[in-house]
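Hi,

Here is the structure I promised to pass on.

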Amino acid sequence: MSLDWIYYAISWILLRWHGVWDAIGVPDRPVLGTTWSWILAIFFLVVTVRVILFPIFVKQIKSQRAMQALQPKVKELQEKHKGDRETLQKEIMELYRTEKANPLMGCLPMFLQIPVFLGLFHVLKRLNPNNQAKELYGWTAAQFDSASHATLFTAPISGRFGSSAAELAPLDASVITVKIIAAILVVIMITTTYLTSRQMILKTGWAEDPQQRMLQRIMLYGIPASLLISGAIFPIGVIIYWVTNNLFTLGQQQWVLRKFPPPAVSTANTVNRYSEAGEKARAAQAAREAQAQQKSSGGFLSRITEAARSAAAPQPGAAPKAVGKGAAGGKAVAAGGKAAGGKANGKQPDAAKPAVDGKALAPKPGAKPVNPKKAGGRRPAKRK
């Protein structure tokens with residue numbers, strides 16, 4: 001398939017804008033090493049293409065909104081068909097078809113600019129004073145010669161980072177200068193390409209759909225990485241086009257995202273997930289606090305019980321009690337911190353036995369609860 005129609009279209013737009021700046025009075029000779037009439041022609045070539053593609057850009061934004069609205073359903077399908085990738089992909093594609101959402105629409109504007117990029121690449125690559133086919137694609141000989149000597153800071157717009165000295169000799173250009181200017185532009189091109197993808201992802205969030213997420217990763221990392229290698233073969237004029245296009249995209253996306261902010265669907269789902277996790281964490285914390293409080297209360301009761309048992313035990317050197325049938329039924333009961341001895345054969349308990357003061361056993365105000373393990377493992381010292 002011939003691409004001549006693309007070359008003619010790109011040449012026509014480029015020459016029309018150059019004619020506009022020439023008519024206004026922008027000099028066709030280098031100023032500060034730059035031929036501004038041709039640089040501005042490339043810049044407004046970008047503006048023209050972006051204006052033509054603006055309706056498609058709007059469809060791209062609407063498609064991205066639709067994809068975000070479907071994220072909860074995609075998440076449900078992922079949970080339902082976990083481990084079955086083939087069925088999952090079929091169900092997701094059926095969902096997209098039913099809801100009329102196209103995951104490839106997000107890349108459509110970029111794909112449509114590829115013919116423009118290739119057309120400009122071909123047209124600028126031909127710019128050489130020794131080229132005999134000067135009037136191809138609607139150019140005049142004068143326009144061709146003027147564009148052949150157009151420069152950006154003394155580097156010809158048809159030069160490349162990989163251009164040899166023999167290729168640059170007809171253009172009266174320095175190899176070192178061309179490499180420096182081309183390298184700077186390639187770095188700017190890679191950076192702005194990354195920023196345009198990052199700007200959109202930060203505003204819309206990462207997709208739940210694996211296929212859509214993969215496309216986002218390719219846009220964010222794959223394309224900028226490929227430009228690091230392919231940038232060496234791009235003419236400087238093409239890199240100017242790419243950088244200008246990226247800057248235009250950054251401004252356009254910022255305006256659209258501010259004017260029509262992304263829906264809160266994905267954000268709400270994220271908030272709900274965090275809320276559910278927070279509820280579980282709070283419930284677990286409440287259970288731990290209740291358990292700790294129960295242990296603390298148990299430790300306090302254990303301390304009272306141990307103190308009562310210690311007080312009810314016979315003291316060293318005390319006279320042994322008479323044991324009878326009545327004494328067998330007697331019980332030492334620690335209740336409210338008081339010890340009550342059962343009657344032994346109708347007699348009162350030994351008068352020498354000290355009574356337990358319940359108030360002394362009560363915890364003092366502000367005292368910390370005693371660890372139940374420590375409280376249960378130690379016996380209070382016996383009174384002498």
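Below is what turned up, starting with the ground rules.

This is a predicted model, so local features need pLDDT of at least 70 and side-chain atom pairs count only at pLDDT 80 or more, while totals for chains, interfaces and linings use all residues. Residues are numbered from 1 along each chain as its sequence is written, and side-chain values use heavy atoms, with hydrogens and water left out.

Aromatics first. Rings of Phe, Tyr and Trp (its six-membered ring) pair if their centres lie within 6.5 Å; planes under 30 degrees apart are called stacked, over 60 edge-to-face, and the rest tilted. That rule gives 14 aromatic pairs. One of them is Trp17 with Trp21, a stacked pair at 6.3 Å centre to centre and 20° between the planes. Both tryptophans sit in helix H1 (residues 4-24), four residues apart, about one turn of the helix. Helices here are DSSP runs (H or I, at least four residues), numbered from the N terminus. Trp21 is buried at 15% relative accessible area, whereas Trp17 is partly exposed at 24%. For those words, buried means under 20%, exposed over 50%, and partly exposed in between (1.4 Å probe, protein chains only). Ring pairs also link Trp17 and Trp21 with Phe43 and Phe44 into a cluster.

Trp139 and Phe144 make an edge-to-face pair, because their planes are at 80°, with the ring centres 6.3 Å apart. Both of these residues are buried.

Leaving out residues up to four places away in sequence, Gly138 touches Tyr8, Leu15 and Gln143 (contact means heavy atoms within 4.5 Å).

Last, the surface. Ile176, Ile180, Ile184 and Ile188 form a nonpolar patch with about 370 Å² of accessible area together. Patch residues have over 30% relative accessible area and no salt bridge, and nonpolar side chains are joined within 5 Å; a salt bridge is a Lys or Arg side-chain nitrogen within 4 Å of an Asp or Glu carboxyl oxygen. Of the four, Ile188 belongs to helix H8 (residues 175-204) and is partly exposed, at 36%.

Cheers

Methods:
Patches are made of residues with over 30% relative accessible area and no salt bridge: like charges are joined within 9 Å, nonpolar side chains (Val, Leu, Ile, Met, Phe, Trp, Tyr) within 5 Å. Accessible areas come from the Shrake-Rupley method with a 1.4 Å probe; for residues, only the protein chains shown count as cover. Helices (H or I, at least four residues) and strands (E, at least two) are DSSP runs, numbered from the N terminus.
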